[in-house]
Amino acid sequence: MDPRDFEFINELLEGEAQLKKRILEHVGEFEKKTRIMTGVLDKIHSTPKSEIPALLETVRPITTALAETIPRDEVWRWKDLWANPLRAAVFSVVFESFLANGSLAPLAAVAEQLGIREEWKDRFSLTPEDYLHGVITVVNELSRLAVNAVTLGDFEAPLRISTFSKEVFTGFSMLNLKNDLLRRRFDSLKYDIKKIEEVVYDVSLRRLVPSPTVQSTAGS
């Protein structure tokens with residue numbers, strides 16, 4: 001075999017190693033920014049009127065850098081490297097949307113908020129799976145917020161959280177989920193909803209809010 005063939009292979013390996021190093025540098029920055037965002041959002045549990053700063057501006061340059069670093073048609077080769085910070089970023093956007101107007105931010109709107117462009121789909125994109133993971137994490141967090149809101153004297157919050165969480169659960173029930181991890185996480189939502197319903201029942205029983213008709217979406 002011609003030694004030049006090995007030299008060529010070695011050059012390919014070196015090129016891939018350098019590419020992965022650059023990607024991981026951007027992913028590291030992505031993780032730092034998402035930790036800051038989730039930390040700020042976590043203050044909603046202890047501060048009745050928490051002001052959430054516009055931290056998304058600091059994320060957009062990173063998604064742009066990743067899109068510019070990934071070669072064309074190689075998104076599926078590298079996407080697992082940034083899956084966790086991307087899902088954390090989705091969580092932050094969806095959670096903030098709920099806090100602002102009580103609605104679920106759709107996938108396209110979340111991608112836009114994160115600065116992810118449609119023309120990047122062969123290099124860097126927000127997949128339905130990553131979006132859904134972020135949404136599930138929001139419901140997980142809302143089950144905690146329902147309890148803490150009552151402690152802070154906000155007795156209406158559990159009602160809003162209950163309505164939102166049940167709507168999310170109903171939406172997930174319409175999906176044909178093939179991803180095993182995603183399916184298991186979806187199944188766990190029934191426990192979050194049950195916890196939220198218990199809070200709603202408690203504040204209703206104590207007549208702290210008008211008594212709603214409690215109907216379990218997730219089942220017993």
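**Exercise 1.** Are Phe98 and Phe164 buried or exposed?

*Solution.* Buried means under 20% relative accessible area, exposed over 50% and partly exposed in between, with a 1.4 Å probe and protein chains only. Phe98 is buried, and Phe164 is buried too. The model is predicted: local features need pLDDT of at least 70, side-chain atom pairs count only at pLDDT 80 or more, and totals for chains, interfaces and linings use all residues. Residues are numbered from 1 along each chain as its sequence is written, and side-chain values use heavy atoms, with hydrogens and water left out.

**Exercise 2.** Classify the ring pair of Phe91 and Phe95.

*Solution.* Step 1: rings of Phe, Tyr and Trp (its six-membered ring) pair if their centres lie within 6.5 Å; planes under 30 degrees apart count as stacked, over 60 as edge-to-face and the rest as tilted. Step 2: this rule gives five aromatic pairs. Step 3: for Phe91 and Phe95 the centres are 5.4 Å apart and the planes stand at 25°, so the pair is stacked.

Step 4: both residues lie in helix H4 (residues 83-101), four residues apart, about one turn of the helix. Helices (H or I, at least four residues) and strands (E, at least two) are DSSP runs, numbered from the N terminus. Step 5: Phe91 is buried at a relative accessible area of 7%, and Phe95 is buried at 1%.

**Exercise 3.** Classify the pair of Phe98 and Phe164, and locate its two residues.

*Solution.* Step 1: the centres are 4.8 Å apart with 50° between the planes, and the pair is tilted. Step 2: Phe98 lies in helix H4 and Phe164 in helix H7 (residues 157-173), so the pair ties together parts 66 residues apart in sequence.
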